[in-house]
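Please examine the sequence and the structure shown below. The briefing that follows is arranged by topic.

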Amino acid sequence: MFRPDTAGIPQGTPPPWSPPPVTPATMAAPAVPPPARPMPMPIPMPMPAPAGGSQSTKAVVLGLVAAGVVVLIAILVNVVAVGNPPRDGETVGSPATTYVAPPGTVTSYLPPVTTTTFSTPTSTVVPDDDTALLALRQQAATDSSNVEATVGYWIPQLSAKKPGMVVGGVSFGYSEIWQDFLTIRLHYPEAKLLWSGSYSSFRYKDFWITVLPEEHDTGESVNEWCDYSGIVKDDCYAKRLSHSSGYEGNTLVRK
C-alpha cells in the first residue's frame, strides 16, 4: 500500500521524529515536575571552647571523682554493717562504741572499800628541831584557852615527851615530839597540847603534854575511859590541872 508520507524514503529507514499530535487529553494534563532531590544534612561545626575551659573541665572531673568516692565509701559501709551487725549499745558507722545501760538498770557508784589504820603520819618534809620547837610553842599557845577551861577537872593525859627520851627505840627530839602530837590528833581531833611548866600539878616542868579536854568528876572515871578506849596504861591515865597544888592528889596512874 502506498502512503504518501513515506514516498521517497528508502525501505528499512526509520521515519524522522515528529512531535506527537496534540489531542484534547494531552492538552488538559498538567506537567508533572521531576521529584526533588533530598538536601544533604548539615555538618555541625565545632564550637569554640570558652575561656578557662580547662579549669572548668578539671572541676567537673574532680567533682565526678569525689562523687564516685562517696558512693564507694557508702557501699563499703553498708557491706561492713551487713557483715557485722551492731552489738547492744553500738551505733552503726560511729567511730567509737558507747555503752548504754539496758532499760531498767540503775547505775550507781560504789566507792572502793578501804581500811583505815592509825600510824605515825609521814610528810615529805620533816621539820628540823628549830622549826618543830616553834610549831610546839605556837600550838600550845593556840590550845591554852581550851586547856585552861579544864583546870580543877580530871581529864585523860595521852602523852608526855621531852627531848632526849627514848621510847620504843625512838630517840625523841622536838621533831619527834611534834610528830607524836600530830599522830595522837589523828585519832582524837580534840586533843590539845600544853607545857608542863605552866601548871603546878606536874612533877617535872620540861615536858610537852598532850591531853584530851573531856572533863570527869573522878580519876577512876578517866581510867575507865582509857580502858574502854584500848589505850595502854603508860599512854593514858587521869590527870587534874592546877595552879596551886602539886603532883600528889592530882595524878592517878592505871594499875
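In this predicted model, a polar atom of the Ser196 side chain lies 2.9 Å from the backbone oxygen of Tyr204. Ser196 is located in the loop that links β4 and β5.

**Ser196 and its surroundings**
- Is Ser196 buried or exposed? Its relative accessibility is 0%, and buried means under 20%, so Ser196 counts as buried.
- Leaving aside residues up to four places away in sequence, Ser196 touches Phe202, Tyr204, Lys205, Asp206, Phe207 and Ile209.

- Strands of a sheet pair through backbone hydrogen bonds, and the pairing may be parallel or antiparallel.
- Here, five strands in the order β4-β5-β1-β6-β7 make up an open sheet with antiparallel pairing.
- Which strands form the edges? They are β4 and β7 (251–252), each of which pairs on one side only.
- Strand β1 (residues 154–161) is joined to β5 by four bridges, and these two strands run antiparallel.
- Gln157 has Val211, in β5, as its bridge partner.
- Helix α4 packs on the sheet, where it touches β1, β4 and β5. The direction of α4 makes about 145° with that of β1.

**Helix α3**
- Helix α3 covers residues 129–148, a total of 20 residues. From its first C-alpha to its last, α3 reaches 27 Å, close to the expected 28 Å.
- Where does α3 bend? The bend is at Thr142 and amounts to about 40°.
- The buried residues in α3 are Ala132, Leu133, Ala135, Leu136, Gln139, Ala140, Asp143 and Val147.
- An α-helix has 3.6 residues a turn, so residues three or four places apart point the same way.
- The elements that cover the buried residues of α3 include α4 (174–187), β4 (192–195) and β5 (208–211).

**The chain as a whole**
- The chain contains five helices and seven strands.
- Read from the N terminus, its elements follow the order α-α-α-β-β-β-α-β-β-α-β-β.
- Of the 255 residues in the chain, 22% are buried.
- Considering contacts between residues at least 6 apart in sequence, 65% join residues at least 24 apart.

Conventions
Residues are numbered from 1 along each chain as its sequence is written. This is a predicted model: local features need pLDDT of at least 70, side-chain atom pairs count only at pLDDT 80 or more; totals for chains, interfaces and linings use all residues. Side-chain values use heavy atoms; hydrogens and water are left out. The expected span of a helix is 1.5 Å times one less than its number of residues. The bend at a residue is the angle between axes fitted to the seven residues ending there and the seven starting there. Buried means under 20% relative accessible area, exposed over 50%, partly exposed in between (1.4 Å probe, protein chains only). Contact means heavy atoms within 4.5 Å. Two strands pair if DSSP finds at least two bridges between them. Axes are lines fitted to C-alpha atoms, for helices over the stretch in contact, and angles run from 0 to 180 degrees between N-to-C directions. A polar contact is a pair of N or O atoms within 3.5 Å; within protein, one must be able to donate a hydrogen and the other to accept it, and residues adjacent in sequence count only if both atoms are side-chain atoms.
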